[in-house]
Structure formats: structure tokens, C-alpha cells
Amino acid sequence: MRVYLLSLGAGLLVGLLYSVLNVRSPAPPVVALIGLLGMLIGEQIIPVARHMLEGSHIATAWRQSQCTPHIFGLLPGRPEQATQLEIDSKQEKRA
């Protein structure tokens with residue numbers, strides 16, 4: 001239930017931002033896609049920054065945070081990566 005309330009709160013904040021920027025919702029497709037890309041990249045800033053503060057180079061921090069699968073999804077022809085991500089997500093849910 002908490003996730004849904006947080007999602008609703010985030011949606012309200014975005015709605016307020018749309019109002020301030022005078023953008024109609026649903027936004028035009030390009031504006032919406034750019035916004036979604038910004039959200040995906042924004043989610044990765046803190047994990048990458050944490051790895052960099054621990055002394056990792058940005059490329060290493062990017063890999064350690066698994067940013068590429070998160071931002072781009074599973075790319076075609078990579079079933080072994082899909083299997084590994086499923087295993088990782090199951091382990092995270094248990095923790």
C-alpha cells in the first residue's frame with residue numbers, strides 16, 4: 001500500500017510541475033518520453049554517486065549499479081542476462 005501512496009504523491013508533484021510549466025497532461029509524446037527518460041536517469045544518480053564516493057570510476061560505478069538494464073530494459077538476444085536479472089531480483093526480494 002505504501003508504494004501506491006508514494007506513487008500517487010509523485011504523480012501529484014508531477015501534476016503540479018506540469019501546471020507551473022503550463023504543459024497539458026497528457027503531455028505531447030516527445031515531452032512525455034523526455035520526462036520518462038529523465039526519471040529513469042534520475043533514479044540512477046544516487047546509486048552511481050554512492051559507488052563513485054567509494055572510489056569507483058564512473059564507468060565501473062555505472063556497471064555496478066546495473067544502470068543499462070534499468071534504463072534500456074533487456075535488449076533482444078540476451079536471454080542469459082534476463083535469467084541473471086530474474087535471479088538477482090528474487091534475491092533482493094528475500095533480503
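## Ground rules

Helices (H or I, at least four residues) and strands (E, at least two) are DSSP runs, numbered from the N terminus. This is a predicted model, in which local features need pLDDT of at least 70 and side-chain atom pairs count only at pLDDT 80 or more, while totals for chains, interfaces and linings use all residues. Residues are numbered from 1 along each chain as its sequence is written, and side-chain values use heavy atoms, with hydrogens and water left out.

## The chain

The protein chain holds 5 helices and 0 strands, giving the pattern α-α-α-α-α along the sequence. Of its 95 residues, 11% are buried (under 20% relative accessible area, with a 1.4 Å probe and protein chains only).

## The lining of the largest pocket

Helix 2 supplies the largest share of this lining, 5 residues. The lining residues include Val14, Tyr18, Val31 and Met39, and the elements giving two or more of them are helix 1 (2-21) and helix 2 (29-53). (A pocket is an open set of points on a 1 Å grid over the protein atoms alone, where a 1.4 Å probe fits, with protein on both sides within 12 Å along at least five of seven lines; lining residues have an atom within 4 Å of a point.)

## Serine 56

Serine 56 sits in the loop between helix 2 and helix 3 (58-64). Serine 56 counts as buried because its relative accessibility is 19%. Beyond its neighbours within four places in sequence, serine 56 is in contact (heavy atoms within 4.5 Å) with His51, Ala61 and Gln64.

Methods
Buried means under 20% relative accessible area, exposed over 50%, partly exposed in between (1.4 Å probe, protein chains only).
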